Amino acid sequence: MKYYNEGIETLSRSQLENLQGELLKKMVAYVYERVPFYRAKMDATKVKPADIKSIRDIVKLPFTEKTDLRDNYPFGMFAVSQNEVVRVHASSGTTGKLTVVGYTKSDIDMWAEAAARSLTMAGVTAESTVHIAYGYGMFTGGLGVHYGAEKIGARVVPASSGNTARQLQLLKDFEATTLCCTPSYAAYLAESLKSNGYDIKDFKLKSGVFGAEPWTEAMRGHIQKSLNLRAFDIYGLSEITGPGVSMECEFQNGLHVWEDLFYPEILDAELNPVPGGTQGELVFTTLAKEAIPLIRYRTRDLCTLDTSACKCGRTHARMGKLLGRTDDMLIIRGVNLFPSQIEAALLAQGYVSPNYHLLVSRVDNTDVLEVQVELSDGMFSDEVKKLEKLRADIIKKIFSVTGLNVLVRFFNPGSLPRSEGKAARVTDTRKI
Ligand code: DLL
């Protein structure tokens, strides 16, 4: 099956824009009527629902930030009564205060549709067995992908996260054809095969649906090789709906955003639109959500957007693979750096595993970045000469990519902490 919803996925750009305009008009009238937060913001800038005549008028509308959701905790941003809400999710983030989101019955159907379209691109059909090792619970990963896979009619194994030995047993014995989890956990599953007595040749996996955290092409290569599957990137965020806001098709040149449901913009630091293909902050407006519709929500995620035709026939714009979030950007001695750049540099070298951690500190008023990296099996820390060469190569490679001199500290295989969900790649002691 090539498309889940061919009619919508292949609409011409002008049909899509007309549809977006119609949906936006309805949405703005709806929130103006029902959400005091938006009414106040629009009144303050003297914008009325009637000013929105097409999707191009979106630039007249105010922005929404994560702090707005937190300030209106728990249900202040909702547009419906709690009776109409059938599910809530929440994320705690790093600052502790919860961001709460909710769904009506129709929102759950819309989300399942977005996830079903997405999974279809990874080859999921009614004949597939989809093993879901994203966490189930307040995190949107598990249930989001689950509803999409069920909608397609696939057989779902709702493994949730944790218990790696059991995950491997279920994956093999239930003959999963698609694995869904974070890329860092996929790498962990791969490295755990041998010690649990498995050989990947005995598994039936064909595809992987990995997301919820940044990962590089080098990591994709590593996972594909070690799990013998094709790895696809899936993106989403709780505030907009969860996994399935966008996903790669078979051509893997960006992630198709389901633009009839979520309208994307890329903006520069002053929040002005950037020319096509330029990197900037991704901003989303929900076009079909009832419980908690959001206007111009600032994701803090940095990427590009491409509306040119894709070989797969889908017309929905493609976001470039995410480099990282503005919040995750490290500034080391004035140089901006994303952990994913270090990941790419490390995996370009042989002999290191995809497990790494970045320790940032300040010594004598100077920022120091220590790259902690695990050696791969077969490379032992007593081979001093080989190690020193490897260290020099890594330092050189990172310098060539970032312009930064870093310290490299090696760890024995298996000794850095593993994560079952989103990997925590950075400890910044300057902030403690
Ligand atoms: O991570 C939803 C999700 C679950 C997406 C499972 C994909 C798969 P949050 O916990 O709200 O929701 O985190 C959202 O995670 O703003 C990005 O910074 C990051 N993120 C999500 N997907 C990707 C990805 C889920 N494919 C935040 N690549 C987003 C890079 C991603 N970063």
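**Salt bridges, ligand shell and a surface patch**

Glu-22 and Lys-25 form a salt bridge in which the closest N and O atoms are 3.4 Å apart; a salt bridge is taken as a side-chain nitrogen of Lys or Arg within 4 Å of a carboxyl oxygen of Asp or Glu. The structure is a predicted model, in which local features need pLDDT of at least 70 and side-chain atom pairs count only at pLDDT 80 or more, while totals for chains, interfaces and linings use all residues. Residues are numbered from 1 along each chain as its sequence is written, and side-chain values use heavy atoms, with hydrogens and water left out.

Glu-22 and Lys-25 are separated by about one helical turn, because they stand 3 residues apart in helix α2. Helices (H or I, at least four residues) and strands (E, at least two) are DSSP runs, numbered from the N terminus. Glu-22 is partly exposed at a relative accessible area of 47%, and Lys-25 is also partly exposed, at 31%. In these terms, buried means under 20% relative accessible area, exposed over 50%, and partly exposed in between (1.4 Å probe, protein chains only).

The salt-bridge count comes to 30. One of these pairs is Arg-56 with Glu-17, whose side chains meet at 3.0 Å, N to O. This pair links distant parts of the chain, 39 residues apart: Arg-56 lies in the loop between α3 (36–44) and α4 (66–71), and Glu-17 in helix α2 (residues 13–34). Arg-56 counts as exposed, at 60% relative accessibility, whereas Glu-17 is partly exposed, at 27%.

A further salt bridge joins the side chains of Arg-318 and Asp-306 (3.6 Å, N to O). Here, too, distant parts of the chain are linked, with Arg-318 in strand β14 (residues 318–319) and Asp-306 in strand β13 (residues 305–306), 12 residues apart. Arg-318 is buried, with a relative accessible area of 5%, while Asp-306 is partly exposed at 30%. Salt bridges with shared partners also join Glu-65, Glu-281, Arg-298 and Arg-300 into one network.

The ligand is surrounded by 19 residues, the closest being Asp-233, Ile-234, Ser-238, Asp-301 and Lys-422; a residue is included if one of its heavy atoms lies within 4 Å of the ligand. The shell divides into 9 nonpolar, 5 polar and 5 charged residues. For this division, Ala, Val, Leu, Ile, Met, Phe, Trp, Tyr, Cys and Pro count as nonpolar, Asp, Glu, Lys and Arg as charged, and the others, Gly among them, as polar. Strand β7 (residues 230–237) gives the most to the shell, with 5 residues.

A polar side-chain atom of Asp-233 lies 2.7 Å from a nitrogen atom of the ligand, and a backbone N or O atom of Glu-213 lies 3.2 Å from a ligand nitrogen atom. For Arg-325, a polar side-chain atom lies 3.0 Å from an oxygen atom of the ligand. Taken alone the ligand exposes 610 Å², of which the protein buries 93%; accessible areas come from the Shrake-Rupley method with a 1.4 Å probe.

Met-138 lies in the loop between β3 (129–132) and α6 (141–152) and is partly exposed, with a relative accessible area of 47%.

Definitions and conventions: A polar contact is a pair of N or O atoms within 3.5 Å; within protein, one must be able to donate a hydrogen and the other to accept it, and residues adjacent in sequence count only if both atoms are side-chain atoms.
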